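Hi everyone, thanks for making time this morning. Let me put the model up on the screen, and then I'll walk you through a few places in it.

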Amino acid sequence: WLMLAEGVLLSAAGGAVGLLLAAWGVRLFVAFKPGDLPRLNELQIDYQLLLFALGASFVAGLISSFAPALRTSRTELTKILNSGGDRATSGGRRLRQGLVVLEVTLSVALLIASALLMRSFSRLLSVAPGFDPDQVLIGELTLPLAKYDSEAKTSAFFGQLLERVRNLPGVSHAGLVNALPFSDNGVQGPLVLADRPSTDQGTQLNCHKIAVSPDYFASLGIPLVQGRDVLTSDTSNVERVVIINQHLATSVWPNENPLGKRLGWGGPPWMKVVGVVGDVHQDRLDEEPTLDTYVPYAQAGPIWSMTVTLRSQRSPVLLTNALRATVLSVDKDQPLNRIAALRDLVSQSYQQRRFQVLMIGSFGLLALILAGVGIYGVMAYSVEQRRQEMGIRIALGATRQQLFYVVLGEALVIALAGMLTGVVAALGLVRLMRSLLYQVTATDVLSYSLACLVVVVAVLLASYLPARRAMKIDPVIALKDQ
């Protein structure tokens, strides 16, 4: 009963410390939240979770103390005295080592998963989005249908707004778009090629339909590869034109000049290709560029929702108030739905992956700490129980450096067993998270090697103090104590 009580008290103390860490962890969790989790700011530790944690600590204390208490109650005192204490403890040695192997296994598996996610995240950050988000301010607005009930009214509003925005101090380029990259406002539809019979395979392609104003590509830094940009003269009274991206040009006309070709969204009216621009990641960076078509907003029919894009010669945030005032100068009742720096919008697209790396990495770090503590405890206890053996070794001529390496070697053997099982466990774990990887294979050698190297270093650090203690054993005192 004494051992059971001691185990429960220790587990209760650990549970209390764990709750304090959990309270800190919740704040960290909320700070690094992905943007699509609803009501995450309301997350907190309530009394139900508190009771669960205390109950789990109590049960853990009972389970961990039951086996030692049962073994102690069945041990005969005479055998303990005759064996010098070794037999009383040798039965639990393998159990302790097995538990440490399990801890190392868990830490290796989680660290490998963390390494794979971090390498995926690093690869994702190196992907060029196809535009330059720095020094760009964006403002989203939606016109009320009751007030702007015709194409003439919407075109007049956006035309005045664009003209006034371009005259703001510090603005080098300004444009309009109805589907900004990473905004989830994109519309897709079937693309039909006018110069091919409808029976040809590949005649219809699913593509993005994006309405833009003159100077939009310059405002986002999207390169014009071929042909011309959208012009102010591209109105509904002249021939319909379209600008396509490189991916669409090479997919449909790989060995031809796309300029002058005609296409349409689902069919006529046909639009003439007058330009080709660089590929832009419209939805996600970890997806291949889509097939994109850009048409003059004046030829796209009535559009009530648009995004203003301003490229500034200084910090774009400084233009926030000026952009709001400009919109109100055109229509005093028209607010902006959102105004932000484009760089922030791009950063939000990384938020979910950053959150995944943080969570898996935190679990891996916690498992590594537990494994290190377990290694230290097992090796410190082993050195203490083998004092007589080590004293005899020194008396027979063994050097203290040899004892040091004996202890480290035993720790590394335990770690090696955990690493082997951890790699196997990681292979199964990575199968479940394969969809989270980007340009990194599930068997990436570097990730596995880095995780194992971290574990080896942690094991060496954890076993260093017990190994140093073994070097300081005095053989005379060790033999007398036994």
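This is a predicted model: local features need pLDDT of at least 70, side-chain atom pairs count only at pLDDT 80 or more; totals for chains, interfaces and linings use all residues.

Before we look at helix pairs, a word on handedness: a crossing is called left-handed if the near helix is turned anticlockwise from the far one by less than a right angle, and right-handed if clockwise. Helices here are DSSP runs of H or I with at least four residues, numbered from the N terminus.

Residues are numbered from 1 along each chain as its sequence is written, and side-chain values use heavy atoms, leaving out hydrogens and water.

Let's begin with H9, residues 342-385, and its partner H12. H9 passes H12 in a right-handed crossing. Their axes come within 9 Å and cross at roughly 25°; axes are lines fitted to C-alpha atoms over the stretch in contact, and angles run from 0 to 180 degrees between N-to-C directions. The two helices are therefore roughly parallel, a label for angles under 35 degrees, with over 145 counting as roughly antiparallel. On the H9 side, the residues that meet H12 include Gly372, Tyr376 and Met379, and on the H12 side they include Ser463, Pro466 and Arg469.

A nonpolar core means buried Ala, Val, Leu, Ile, Met, Phe, Trp, Tyr and Cys residues joined through side-chain atoms within 4.5 Å, where buried is under 20% relative accessible area, exposed over 50%, and partly exposed in between, using a 1.4 Å probe and protein chains only.

Last stop: Phe58, in helix H2, residues 47-73. Is Phe58 buried, partly exposed or exposed? Its relative accessibility is 43%, so Phe58 counts as partly exposed. Phe58 and Val8 are 50 residues apart in sequence, yet 5.8 Å apart in space, C-alpha to C-alpha.

Technical notes. Angles under 35 degrees count as roughly parallel, over 145 as roughly antiparallel, 65 to 115 as roughly perpendicular and the rest as oblique. Contact means heavy atoms within 4.5 Å.
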